Amino acid sequence: MWLASVPHRHRPLPPVPTILTARPNPKLFYHSLPKPASFRFGLRHRLNRYKASAAKKQVPELGIRKPGQLVSVSTYQSVQNNHIDRSSNYVSAADGEKFRPQEEKNGEGLDLGWLPAFPHVLIASMSNFLFGYHIGVMNGPIVSIARELGFEGNSILEGLVVSIFIVGAFIGSICCGSIVDKLGCRRTFQIDTIPLILGALISAQAHSLDEVLLGRFLVGLGIGVNTVLVPIYISEIAPTKYRGSLGTLCQIGTCLGIISSLFLGIPSETDPHWWRTMLYIASVPGFVLALGMQYAVDSPRWLCKVGRLSNAKEVIKNVWGASEVEKAIEEFQAVIKNDGSDLESSWLELLEEPNSRVACLGGALFVLQQFAGINGVLYFSSLTFQDVGITSSALASLLIGVTNFAGALCALYLIDKQGRQKLLIGSYLGMALSMFLVVYAISFPLDEELGHNLSILGTVMYIFTFAIGAGPVTGLIIPELSSNRSRGKIIGFSFSAHWVCNFLVGLFFLDLVEKFGVAPVYGTFGGVSLLAAIFSTYFIVETKGRSLEEIEMSLSSDFIARDKK
């Protein structure tokens, strides 16, 4: 996903244009939560004739080339006396008829199994729209803000206005896991709109630097919570077959937010007070998110965990289909039984297998993503476009935003067809090739026009290939690999690593360019991209087509098997 960059200390770096029982658990707060009014579609029952059923053939074992092999979920469930029969090619629908799974149906009907979950995912993606909007909202107006509030020309203070956002985001990422464990995703979304709305309003009416800093910190705090919360929510409510495509809506929401802020920022070039209007507008999506979540569903996995079994069944029936209820509940039971009776996780559990392995994997993915140079390339792209006559920074940012959006649309189509691992490998290889192309254009004597055109081509290729894999897949695969018990804390840890690396890249990028030049720095980005492709080849587990419970129990059984050896 697109992530904000930190300014250089001398010159501000513009922001860049994751045993079940029905008895309630008294340790978790849920009694006061009202039953949400869920979205319903009148065509749901008609769609059941076209939807894929719960049963499917036994899927192959999850493959990981190093280290070791993961055993299949059926093996683990048999050991736990919770085996689920998946051998039948037919399943019974609610009316007693039998239908073949969708993949065996020679293309009959429309594949609309994603539709019941779509409005809930769309509302959650409003958080990413806010994320993107706040990334771009300071891109142009920072000069007007500095002039009006009296710190114009002070690059340190201008940089602080931008970077305080990341400090808040880091804290929000760390805190999110504990909050969502207790309150669930839906209520956490609504509470999180408070700092988002207040931060935007405080910034909009600010008459001093302190007020702007407070507003930006509150916004960062809310964004940090959302970056962790949205991947959790989408991964837990999306049907398995469409989890990747629906998860890519995060990236699309971020792109649309950035593009919207750039369009709305055009009047700021002539109106020195327009930045206040832009920040007032930033509060509107927060109200929409808070209201929309009142009608969205909560995660059926969380409902099951806190003992609200009937609510979980209703959500599964409405969002996944009636034929999925029993199978899903049985899988939830197997996972919760394995987790033990104490359903509250602690940070110390991240030191235990398999949580430590997944947390290290998530942190490594974000470290590689950030040190592959996405923020630096996006910053320097405006200078590259100036070399070919595009002097408007807003227009250059808009072209980059459109390229990123196009890549996200491709990811939407490919992620559930090609799988996460292939997209990651292909994305990082494309990013490496793009960086080496720019280095070639800069380092070797070429016709000036040809060199500039190659630099533009390499930059656009880099953004496009990033948006296809490294952007959306990184935030999606971590919740897929995480255990139900510790998912919030694992993702929180991973995103905190992301924010730290984001800060470091933004802080030192210009210094490195001034000291070593653009070509060596871009060559380093290309080298890190190659390293990320190799890492993805050997250490990423393919999760396409597997339920979260299947993935979790396969990982758990792998470590159980190792312990027995």
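1. Arg 243 is buried, with a relative accessible area of 1%. Here, buried means under 20% relative accessible area, exposed means over 50%, and partly exposed lies in between, judged with a 1.4 Å probe and protein chains only. The structure is a predicted model, in which local features need pLDDT of at least 70 and side-chain atom pairs count only at pLDDT 80 or more, while totals for chains, interfaces and linings use all residues. Residues are numbered from 1 along each chain as its sequence is written, and side-chain values use heavy atoms, with hydrogens and water left out.

2. Arg 243 forms a salt bridge with Glu 480, their closest N and O atoms being 2.6 Å apart. The pair ties together parts that are 237 residues apart in sequence, because Arg 243 lies in helix α7 (residues 243-247) and Glu 480 in helix α19 (residues 472-481). A salt bridge is defined as a side-chain nitrogen of Lys or Arg within 4 Å of a carboxyl oxygen of Asp or Glu. Glu 480 also counts as buried, at 0% relative accessibility.

3. A salt bridge also links the side chains of Arg 485 and Glu 349, at 2.7 Å from N to O. Arg 485 belongs to the loop between α19 and α20 (487-516), and Glu 349 to the loop between α13 (325-339) and α14 (355-371), so this pair ties together parts that are 136 residues apart in sequence. Both Arg 485 and Glu 349 are buried.

4. Salt bridges that share partners join Arg 243, Asp 416, Arg 420 and Glu 480 into one network. By the salt-bridge rule, the count comes to 11. Among them is the pair Lys 327 and Glu 324, whose side chains meet at 3.8 Å, N to O. Both of these residues, Lys 327 and Glu 324, are buried.

5. Ser 536 lies in helix α21 (residues 518-539). With 0% relative accessibility, Ser 536 counts as buried. Leaving aside residues up to four places away in sequence, Ser 536 touches Gln 421, Leu 424, Ile 425 and Tyr 428; contact means heavy atoms within 4.5 Å.

6. The protein chain as a whole contains 22 helices and two strands. Helices (H or I, at least four residues) and strands (E, at least two) are DSSP runs, numbered from the N terminus. Of the 565 residues in the protein chain, 60% are buried. The accessible surface of the protein chain comes to about 21800 Å², and 64% of this surface belongs to carbon and sulfur atoms. Accessible areas come from the Shrake-Rupley method with a 1.4 Å probe; for residues, only the protein chains shown count as cover.
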